[in-house]
Amino acid sequence: MNKVGIIGWPVSHSISPVMHNAAFEALGLHDWRYELAPVPPDIVRQSLRMLRDEGDFVGVNVTVPLKEAVMPFVRADERARAIGAVNTIDFRDGSGTNTDVIGLIDDLQAHSVMLAGIRAVVLGAGGAARAAVYGLTKAGAQVIVVNRTPKRAQVMLADLTLAAGIQNAEVRTLDEAAEMQPSLIINCTSVGMWPKVDESPWVEGIPFPTSAVLYDMVYRPARTKLMQQVEAGGGQAIGGLGMLVRQGAAAFRLWTGRDAPIEVMFAAARQALGGQA
Ligand code: ATR
């Protein structure tokens, strides 16, 4: 049996097992299984060793709050080091990578959103924003970061410049960013996520730029307050389920060497979310 899974604390809410197990079944990979593996933050090192040596795991996904904590115990690639977070480990070679970036960029591409040469606004300065700034600038976009705590955004950009030579990004206020005619705005904050579905990271009174497509990383609910605001103004809004599915698909490919059945994973994810996405 080839086992993979997800470590985090807690992990019970994760829909990754449903997505991956549906994909294994669809491809006839009957000797593969994806399991939940709750790991408390204080025993990360021992847990990784146990999963690898005693649990016979091929690899694991890593979620909150362990994405940073696993870094010292894997061979993190340049992308994971730049972002400061690993979300996928392959025990066979001890490597760690970050497929969140691939998930975002692949999903933008699937929605025909061009990135080279565009101006994009990133809302937020946490781990999700870090992955977005890395992916967007590497794809040739000019990035403007807006965060409730601007200092944190400055620190994020300084880190990314040091770790990955990222240049094409600056911190602005929401007013300034809105006036700069961006063609893409990505919500990388958790604002609007279930159960606080009536909240929006877009400050009232500032018009949402008509030039911009919105990508909301939040996938629960399927249509966030912010997406509804944008659509009410005639704009295009994309929810974050595709990023979740495609980061999973990238991990699937890494572990199995097979292309993931994307539509199967989408269907399983939607069903697991119970019509909420
Ligand atoms: P993650 O790693 O998932 O990105 P995080 O590190 O907790 O999560 O970051 C959450 C992001 O959402 C941050 O940019 C945070 O802003 P601050 O840096 O000012 O804390 C942003 N955020 C969370 N709640 C918010 C709110 N009510 N209004 C505006 N921004 C919010």
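Helices here are DSSP runs of H or I with at least four residues, strands are runs of E with at least two, and both are numbered from the N terminus. Axes are lines fitted to C-alpha atoms, for helices over the stretch in contact, and angles run from 0 to 180 degrees between N-to-C directions.

Some housekeeping. This is a predicted model, in which local features need pLDDT of at least 70 and side-chain atom pairs count only at pLDDT 80 or more, while totals for chains, interfaces and linings use all residues. Residues are numbered from 1 along each chain as its sequence is written, and side-chain values use heavy atoms, with hydrogens and water left out.

Now the sheet. Contact means heavy atoms within 4.5 Å.

How much of strand 3 is buried? The count is 6 of its 6 residues, where buried means under 20% relative accessible area, exposed over 50%, and partly exposed in between, with a 1.4 Å probe and protein chains only. Strand 3 pairs with strand 1 in the parallel sense over 5 bridges, and with strand 5 in the antiparallel sense over 3 bridges. Valine 60 shows up in both pairings: glycine 5 stands opposite valine 60, and valine 60 stands opposite isoleucine 89 in strand 5.

Aspartate 90 also lies in strand 5. Is aspartate 90 buried or exposed? Aspartate 90 is buried, at a relative accessible area of 7%. Apart from neighbours within four places in sequence, aspartate 90 has contacts with Val58, Gly59, Ser95 and Leu254.

Next, strand 7, residues 119–123, where 4 of the 5 residues are buried. Strand 7 runs parallel to strand 8 (residues 142–146), with 5 bridges between them. Valine 122 is opposite valine 145 in strand 8. From strand 7 the chain goes through helix 5 (residues 127–138) to strand 8, a right-handed β-α-β crossover: with the strands pointing away from the viewer, the path from the first strand over the helix to the second runs clockwise. Strand 7 also pairs with strand 10 (residues 184–187), parallel, over 4 bridges. There, asparagine 187 is the bridge partner of leucine 123.

Last, the helix pair. The axes of helix 4 (residues 100–110) and helix 5 come within 9 Å and cross at roughly 55 degrees. That makes helix 4 oblique to helix 5; angles under 35 degrees count as roughly parallel, over 145 as roughly antiparallel, 65 to 115 as roughly perpendicular, and the rest as oblique. The residues in contact include Leu104 and Leu108 of helix 4, and Ala131 and Tyr134 of helix 5.

Definitions and conventions. Two strands pair if DSSP finds at least two bridges between them.
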